[in-house]
Structure formats: C-alpha cells, structure tokens
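Subject: Structure handover

Hello,

I am passing this structure on to you. Please look through it first; my notes follow below.

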Amino acid sequence: MVLFGIAGVFSAEVTKAAGNETLIRSPNCGYLLQDSNRSDLSLFEAVAGFTAMEANATLAASAYSRACYGKSLSGLQCHQYPKPNIPWTSNRNVPCPFKGNICKDDVGGFEMDTGLIDSLNTLGINSKASEAIQYRKVTSCSVIRTKEYAYDYNSTNSENEVQQWVRYYYGKLFDHPHNFTYQYNKDYVIGPSGYTLV
C-alpha cells in the first residue's frame, strides 16, 4: 500500500516536471470545512488536522517561492504553472489608503501592482483564447494605529471554556453582522491562525 502511495506521488511529480498540463475537474474543490456530523473527532483533533494541513501548504509555498522567484529558476516544481511567477511593481511612497486618522504619521503607504494578467497565458485557466480575460490587482497597505482601536473581549466556546479575544474596530465590513473589523484569539495555541477576519 505504501509503495502505491509513493508511486502515485512520484508519478504526479514526474507529470508536473515534464510540463504536462492537465485539466482536472473534482467535486471536492472549494473551502475545507470540518464535517459537523463526525463524532469520532474531538475539537482538538480536528483543529490539529487543519493546523498540520496549513503548515504543509505553507512549507510547500515557501519551497516554491525560494526555488522559483528571483532571477534564476532552480527546481522541477518551477514548471508546474504556465508562468513560474507573476511580475509586479511596487511603490513605497503612496498616501494612506484609509480614511481618517488610522495610519501612523511617520510611515507611508506601500502599493503593489500586477499590471494586466492574462487568464489563459499567465494563470493557465483553460478557455478559448477569445474568452480569456485580463485582470489587474492593485493592493495598498500601510502601518496602522492599533492602541486606539483595540478592545478586549471574552467569550465561551461550545466546551464552556472562556476564550480571550482582542477585537479591532476600524469600521464595519460589508454586510457582516458584527461591528468589529477583525478579532485575534489570544488563547489560540493550536489553531490554524491566531486571528479571524470577518
């Protein structure tokens, strides 16, 4: 059984390394959520599984970025996508992207711009050339003040354990029912991330 697993992984990597592109359709695409009908897993086991999966994905992304970003491409994994990386430009001196007095005065904003990205040639999305689209992503960020916007909050989880949070109030997000922007769980030792965007 182990040999079949190793052979499967090896053949998948060989296929990627050879530059073959394959369209895969799966009913299992999308977000990964815990099955609430499973009673054989404790909350700790479920969270530990998510943590391990997220750690593996982070390690794989880190290895890919070290091998494939920069001037020289090293490694077979750099040929698994149509383009090994998406070029972008940066501007380190843009005004604060937020309204009000949220940005720290002594730090300017930072902007990243991909320019136009072609869905077919750059991203490898299978379509007819006439149906391909071009997409541009511009992201601006800045160091923001936290002290004036952070408040402690306690809640009780399903196992009657008190959890300590810090909630940040920078403004309401879209149609989300809460009035805080995001929250950080101070007790989240085993969780996949220490904060929750809402």
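How many disulfides does a search of the whole structure find? The search finds two, where a disulfide is a pair of cysteine sulfur atoms within 2.5 Å.

Before the details, some notes on the source. This is a predicted model, in which local features need pLDDT of at least 70 and side-chain atom pairs count only at pLDDT 80 or more, while totals for chains, interfaces and linings use all residues. Residues are numbered from 1 along each chain as its sequence is written, and side-chain values use heavy atoms, with hydrogens and water left out.

Overall layout

The protein chain has two helices and seven strands, in the order α-α-β-β-β-β-β-β-β from the N terminus. Helices (H or I, at least four residues) and strands (E, at least two) are DSSP runs, numbered from the N terminus. Of the 198 residues, 16% count as buried. Buried means under 20% relative accessible area, exposed means over 50%, and partly exposed lies in between (1.4 Å probe, protein chains only). The chain exposes about 15,400 Å², and 56% of that comes from carbon and sulfur atoms. These areas come from the Shrake-Rupley method with a 1.4 Å probe; for residues, only the protein chains shown count as cover. Taking contacts between residues at least 6 apart in sequence, 35% join residues at least 24 apart; contact here means heavy atoms within 4.5 Å.

C68 lies in helix 2 (residues 43–68) and C78 in the loop between helix 2 and strand 1 (89–94), so the bond ties together parts that are 10 residues apart in sequence. The torsion about this S-S bond is about -95°, so the disulfide is left-handed. C68 is buried at 0% relative accessibility, and C78 is buried at 1%.

The link between C96 and C103 has its sulfur atoms 1.9 Å apart and is right-handed, with 70° about the S-S bond. C96 is partly exposed at 33%, whereas C103 is buried at 7%. With bonded cysteines counted along the chain, the pattern is 1-2, 3-4. C141 is in no disulfide; the nearest cysteine sulfur, that of C103, is 9.8 Å away. C141 is partly exposed, at 32% relative accessibility.

Salt bridges

A salt bridge is a side-chain nitrogen of Lys or Arg within 4 Å of a carboxyl oxygen of Asp or Glu. The count by this rule is two. In one, R136 pairs with D113, their closest N and O atoms being 2.3 Å apart. R136 is in strand 3 and D113 in strand 2, so the pair ties together parts 23 residues apart in sequence. D113 is buried, at 13% relative accessibility.

The side chains of D152 and K186 also meet in a salt bridge, at 3.4 Å from N to O. Because D152 lies in strand 4 (residues 150–156) and K186 in the loop between strand 6 (182–185) and strand 7 (195–197), this pair ties together parts 34 residues apart in sequence. D152 is exposed at 62%, and K186 is partly exposed at 41%.

Surface patch

I86, L123 and I125 make a nonpolar surface patch of about 230 Å². Patches are made of residues with over 30% relative accessible area and no salt bridge; like charges are joined within 9 Å and nonpolar side chains (Val, Leu, Ile, Met, Phe, Trp, Tyr) within 5 Å. L123 sits in the loop between strand 2 (109–118) and strand 3 (134–141), and is partly exposed with a relative accessible area of 40%.

Regards
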